[in-house]
Every structure is written in structure tokens, then in C-alpha cells.
Amino acid sequence: MFLASSTKPIDSNLSSLAEQIEQQNPGLSVLAARQFSFAIRQTPLEVAVSEPREFNVLEEFILRAGVEFEPAPTLKELADLLGLDEIFVKTTAATLVSLESLEVAENGQIAIAPQGRDFFEKGAVSRSQIQSIYAISDPLNQTLTFKFDALPPESLNLPDLADIVSLEHKISDLANLSLAEIQPLIQDSGLGIHAPQNGKIVSACDVVGDDLDIWQTVSIFVLLDAIENKTTIQVRQGKQILETASNRLNELESQQKLSLNDLCCKVTPDIAQQESETIPVPKTPKKPSKKKLKETI
């Protein structure tokens, strides 16, 4: 029989979850539970995403003419050769110029660009588009992830966990990261905009706004394991256990850099002792002696 929750420092809105933890884990007691707020950092970014597409027939013909014709023809000559209105040829050529695949002189004569020759050999052109995303730096879980949509700002009337625990971002300044360092982080975030196996590449990344603190709620539980006869700290968001954050706080507590009394008020040795005495600890059955074994053979 555990001590009544009312005698332990458990926030009222965490009492139901505390009871559930105890019911699902025999031999485990919640000594204290408290909610805090902490700030994650949101940074707006713009990334250039390049992906291949196949040439249409007219694009391929114009590039082929730039590679194989000597001297290279003009746009008017190509239009006459194909029996097309010159405006169609000029529009397609302008697209190839914007893709840095073709060069057009003032007299309309075409010339294949170095990158265009590479595209022509591959049979596809790389097109680029600008995409807005947000970097989310979480100092508690030590993660840097990326999202398409901004997180909404929220005001929380809770104590700041940073007043008790030093919270430092894994990446202090996103602008200092190289593109090669950012690409795998974007890929791991599952946005689908950096997938080299599919030819999609984030080719540029720029910070386009100021950092914004987004406040989050986190729950801290102090647990007593009567079998191991020790207390541990467990960090949760909702019902999800945050393993990295939990391990970090436990390590700080073991190094005496974090006090349970500061984290969850009134967690005293007396409470832990009283609670441990109320938890039934399974007894390990004794092994029969050698003499007894002989008597039973």
C-alpha cells in the first residue's frame, strides 16, 4: 500500500498519470511529479531544392543542335527547320537559359553551356525551387529537426526548467553549419526534400529570419524502485518518456549537479524511506541445501 498521493508533492494534473505508472509497474512508486516549461528554438529557413526532370522533345532538339551542329544555328533557323512559330522556340530556349543549360547570343545564335552538355548526356535537367522550412532546436532532448510548418507560440504559466537545469542547444548557431552538415539532418527529418537516391538535393540553405522561443510543457517524475532501492528521474511529454532527457537529468543528479529538492520540492529521505517500507518486495526463494537434496533423492 503506497502513501496517499496527497501526502507527496505531485501536481494535481499529474496525479492520474502517477497512479497509472504505479499500477502498471509493481514495485515502483511515484515520490513526486511536477510540470515545467522549457523553450525550444525555431529558426525560419529558405532552402533551394534541385530535382531532375526529363527534357521535352523541343528542349532535347535545341540542346542537340547546340552540341552537334557546326556552326550552331540561330533560334530562327531552328524554328524554320522544325516548321514552328519562332515564339515557341524562343520560349523553350529561355527556359534552358534559366536552367544554365544554354546560351543565346544577341543575333539568336545558340551555344551549349558546360552544365547543359552534362544535362544533355544524362537526358534530364535539374530544376530548382525555393522551399520555406523551419529548424527546431530542442535543448532538452539535444535534437535539431526540420518542419514545413511553424510551431504556434504559446504562453505557459509554469516554472522554467532552465532555472534549475542548464539547457544548452546542441547547435549554438545554425548559420555556422555547412550545407553538408545540414543535408543529412533535413533528410532524417522526413520532409522528402533531400532524397539523393531519388535525385532530390537541397543545394542551398539560408537563415531568413530571427530565432523564436517556443515554450513547451514537460513533466518530471521522481520514481522509487523498491526492488533496486533507488530513486530515478523520468521525463515525459504527455505519456511519452523522453529517454535522452531522463538519462541526462539522472546523470546530473548522480554527479550532485542537480538536487531532487530543487527539481520537485519536498522529496526528502524520510518520504523515500516511508514509501519503500510500504512496497511489497518479492522475496527470492532459498535454494535447498545439499543435505536436503540428498534426502530427497
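Predicted model: local features only at pLDDT ≥ 70, side-chain atom pairs only at ≥ 80, totals over all residues.
## Packing of helices α2 and α3

Two packed helices are described by the angle between their axes and the distance between the axes. In this model, helix α2 spans residues 57-68 and helix α3 spans residues 75-82, and their axes come within 12 Å of each other while crossing at roughly 125°. Angles of 65 to 115 degrees count as roughly perpendicular and those over 145 as roughly antiparallel, and α2 and α3 are therefore oblique to each other. The handedness of the crossing between α2 and α3 is right-handed.

On the α2 side, the contact is made by L58, F61, I62 and A65, while α3 contributes L78, L81 and L82. Sorted by residue class, the contact of α2 with α3 comprises seven nonpolar residues, with no polar and no charged ones.

Rolling a probe the size of a water molecule over the atoms shows where empty space is left. For this model the count comes to one cavity of 30 Å³ or more, and the largest cavity holds about 40 Å³ of space.

The lining of the largest cavity is formed by R41, T43, A135, S137, L144, I171 and L174. Strands β1 (28-54) and β4 (124-138) are the elements that give two or more residues to this lining. In contrast to the contact of α2 with α3, where no polar and no charged residues are found, the lining of the largest cavity divides into four nonpolar, two polar and one charged residue.

Notes:
Residues numbered from 1 in each chain as written. Heavy atoms only, no water. Axes fitted to C-alpha atoms, helices over the stretch in contact; angles between N-to-C directions. Helix = DSSP H or I, 4+ residues; strand = E, 2+ residues; numbered from the N terminus. Parallel < 35°, antiparallel > 145°, perpendicular 65-115°, else oblique. Left-handed = near helix turned anticlockwise from the far one by under 90°. Contact = heavy atoms within 4.5 Å. Nonpolar A, V, L, I, M, F, W, Y, C, P; charged D, E, K, R; others polar. 1 Å grid on protein atoms, 1.4 Å probe; cavity = no way out; pocket = protein on both sides within 12 Å on 5 of 7 lines; lining within 4 Å. Points joined across faces, edges and corners; volume = space filled by probe spheres on them.
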